[in-house]
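Thanks for making the time this morning. I would like to walk through one structure with you, beginning with a term that we will need and then going through the fold and a few contacts.

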Amino acid sequence: LTVGKTYQLWLTRGETRIGVGTFVVDENGQGALLFSSEEPIDEFTWARITDEPENGSPQPTGPIVVIGKLST
């Protein structure tokens with residue numbers, strides 16, 4: 001990922017998107033995010049990371065830069 005940008009993690013199912021936190025990356029483009037969700041993680045289908053404003057966003061506004069299918 002690109003240094004100097006803010007990224008936001010979204011858990012999704014269907015059209016529902018829940019933002020669970022933002023993070024930045026180090027000089028190697030690596031970052032980590034510890035998050036909690038009010039709903040069990042197995043209730044979601046996908047995890048997506050988008051490029052967002054510094055304080056995050058209530059809905060995704062930037063491009064999806066990482067996507068992963070959640071399996072149970």
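Predicted model: local features only at pLDDT ≥ 70, side-chain atom pairs only at ≥ 80, totals over all residues.

Let me begin with the term: a salt bridge here is a side-chain nitrogen of Lys or Arg within 4 Å of a carboxyl oxygen of Asp or Glu. With that in hand, R13 forms a salt bridge with E39, and the closest N and O atoms are 2.7 Å apart. R13 lies in strand β1 whereas E39 sits in the loop between β2 and β3, so this pair ties together parts that are 26 residues apart in sequence.

Residues are numbered from 1 along each chain as its sequence is written, and side-chain values use heavy atoms, with hydrogens and water left out.

As for confidence, pLDDT is the predictor's own confidence in each residue, on a scale from 0 to 100. The protein has a mean pLDDT of 94, and 99% of its residues reach 70 or more.

Now the fold. Strands are DSSP runs of E with at least two residues, numbered from the N terminus, and two strands pair if DSSP finds at least two bridges between them. On that basis there is an open sheet of 4 strands, in the order β2-β1-β3-β4, with antiparallel pairing. The edge strands, each of which pairs on one side only, are β2 (16–23) and β4 (64–69). From one strand to the next the twist averages 20 degrees, where axes are lines fitted to C-alpha atoms and angles run from 0 to 180 degrees between N-to-C directions. Strand β1, residues 6–13, pairs with strand β3, residues 46–52, in the antiparallel sense over 7 bridges, and within this pairing W10 has R48 as its bridge partner in β3.

How many salt bridges does a search of the whole structure find? The search finds 3, and the pair of R13 and E39 that I described is a salt bridge of this kind. K5 forms another with D51, with the closest N and O atoms 3.1 Å apart; K5 is in the segment before β1 and D51 in strand β3, so that this pair, too, links distant parts of the chain, 46 residues apart. E15 and R17 also form a salt bridge, their closest N and O atoms being 3.9 Å apart.

To place these residues relative to the surface, I use relative accessible area with a 1.4 Å probe and protein chains only: under 20% is buried, over 50% is exposed, and anything in between is partly exposed. E15 is exposed, at 67%, whereas R17 is partly exposed, at 31%. R13, at 25%, is partly exposed, and E39 is partly exposed as well, at 29%. K5 counts as partly exposed at 34%.

Finally, two remaining places. G29 lies in the loop between β2 and β3 and counts as buried, at 16% relative accessibility. From C-alpha to C-alpha, G29 and L70 are 23 Å apart in space, and they are 41 residues apart in sequence. V65 is in strand β4, and at 37% relative accessibility V65 counts as partly exposed.
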